[in-house]
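Here is a short report for a first look. Please keep the sequence and the 3D view side by side while reading.

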Amino acid sequence: MKRLVRKVREAIPRSPDEPAKKWFSFFIYASIFLMLLMALGGVGAFMLAIRAPEEVLVPAVEGQELEDALLALQKYKLYPYVQLRYSSDPTTKGKVIAQSPPPGSLMKVGKEVTLVVSRGAVVEEVQDYRGKLVEEVSLELRSLFAPYEPLITIKQPLVYVYSDKPVGTVLEQKPEPGTRITGPVDLELVVSRGPAPQRVAVPELVGKLPDEAIEALASLALPFTFSPVEEEDTPSDPGMIREQLPEAGTRVAPGTRVELKYVPYRNTRTEIAGLFDYALPTYPVPVDLSVEVIIPGGEREVLFSMKHPGGRLSFPYLLPVNAEIVVKVYNREIIHHLVTQPQ
């Protein structure tokens, strides 16, 4: 550097013209400065080019086997960070089910790409649920698949049969225990409704009034339906039961429906005649059902209570205007019927 400066000084003309000498010196020094600056910039750019990592596009590896995904990342000099997770799809076991960053993202060489790899389904085969209560099976499945899409769901409605096993016990299942799970499964269950009840004899009801018939049938857990007989020119004995099916003396299982035909009541000055007729849900096992009437003024009276299988519920009534009929299942009110004047 000193030699270069000395040569530059020797090259400066020794002219008596001092301003020219100054401008020439300035030009020489400025040139040297610019050359040094360019040299330093080139070296810096070269060093940065050497040190700056290359950027690549993240490949799409979702759906690939883990081995193939690793090879794809290796090709782009990216490093995998593998996370294992259960999946709701048993066919994805060992495959990449998610990646981050997503495909097409720009990343510097040597950075990590997160791969979520399926460990398969939480369960790989259908378990044996026989002997368990259906409520326990339902809770077990909900807990098992809580974080995932359920692979096994209980098919509705359940099939109930009489058995010496406790009510609600699973007797049979389909698919069989040990069946491999390859996709969503509808689990069909056959459930005990308890021991078969003893048959009872249908009482003689023809000639009786509805209240008497209802009391007798409710005590035997025999559901009933009422329908009026065809109108007569001069109907006599309002409310009287004229026909019944099954006939008196027939032995039937509790829960067998008895159909009754009766002579309709007639309205009075203070009371309205009618037929309460509603369709209840069909229950898998008989439920505790009660029917009450609320008389205007607030007085409550129980008309009847019994074990009822659901389905059609009908009975005649003769009640004051604005009385209310309330149907309860397990002491929960499910139907309110207001007695009103006919239009």
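## A nonpolar patch

Leu-70, Val-82 and Leu-84 make a nonpolar surface patch of about 240 Å². Patches are built from residues with over 30% relative accessible area and no salt bridge; like charges are joined within 9 Å, and nonpolar side chains (Val, Leu, Ile, Met, Phe, Trp, Tyr) within 5 Å. Areas come from the Shrake-Rupley method with a 1.4 Å probe, and for residues only the protein chains shown count as cover. Leu-70 sits in helix α3 (residues 66-75). Its relative accessible area is 32%, so Leu-70 is partly exposed; buried means under 20%, exposed over 50%, partly exposed in between (1.4 Å probe, protein chains only).

The model is predicted: local features need pLDDT of at least 70, side-chain atom pairs count only at pLDDT 80 or more, and totals for chains, interfaces and linings use all residues. Residues are numbered from 1 along each chain as its sequence is written, and side-chain values use heavy atoms, without hydrogens or water.

## The chain overall

The chain has five helices and 18 strands. These are DSSP runs numbered from the N terminus: helices are H or I with at least four residues, strands E with at least two. Of the 343 residues, 32% are buried.

## Salt bridges

The structure holds ten salt bridges. Each is a side-chain nitrogen of Lys or Arg within 4 Å of a carboxyl oxygen of Asp or Glu. Asp-288 and Lys-307 form one, at 2.7 Å from N to O. Asp-288 lies in strand β15 (residues 271-294) and Lys-307 in strand β16 (residues 300-320), so the pair ties together parts 19 residues apart in sequence.

Arg-300 bridges to Glu-333, with the closest N and O atoms 3.4 Å apart. This pair links distant parts of the chain: Arg-300 is in strand β16 and Glu-333 in strand β18 (residues 332-338), 33 residues apart. Shared partners join Glu-292, Arg-300, Lys-328 and Glu-333 into one salt-bridge network.

## Aromatic rings

Rings of Phe, Tyr and Trp (its six-membered ring) pair if their centres lie within 6.5 Å; planes under 30 degrees apart are stacked, over 60 edge-to-face, the rest tilted. The count comes to six aromatic pairs. In one of them, Phe-304 and Phe-315 have ring centres 5.6 Å apart and planes at 90 degrees, so the pair is edge-to-face. Phe-304 is buried at 6% relative accessibility, and Phe-315 is buried at 2%.

One aromatic cluster is formed by Phe-224, Phe-226, Tyr-262, Phe-276, Tyr-278, Phe-304 and Phe-315.
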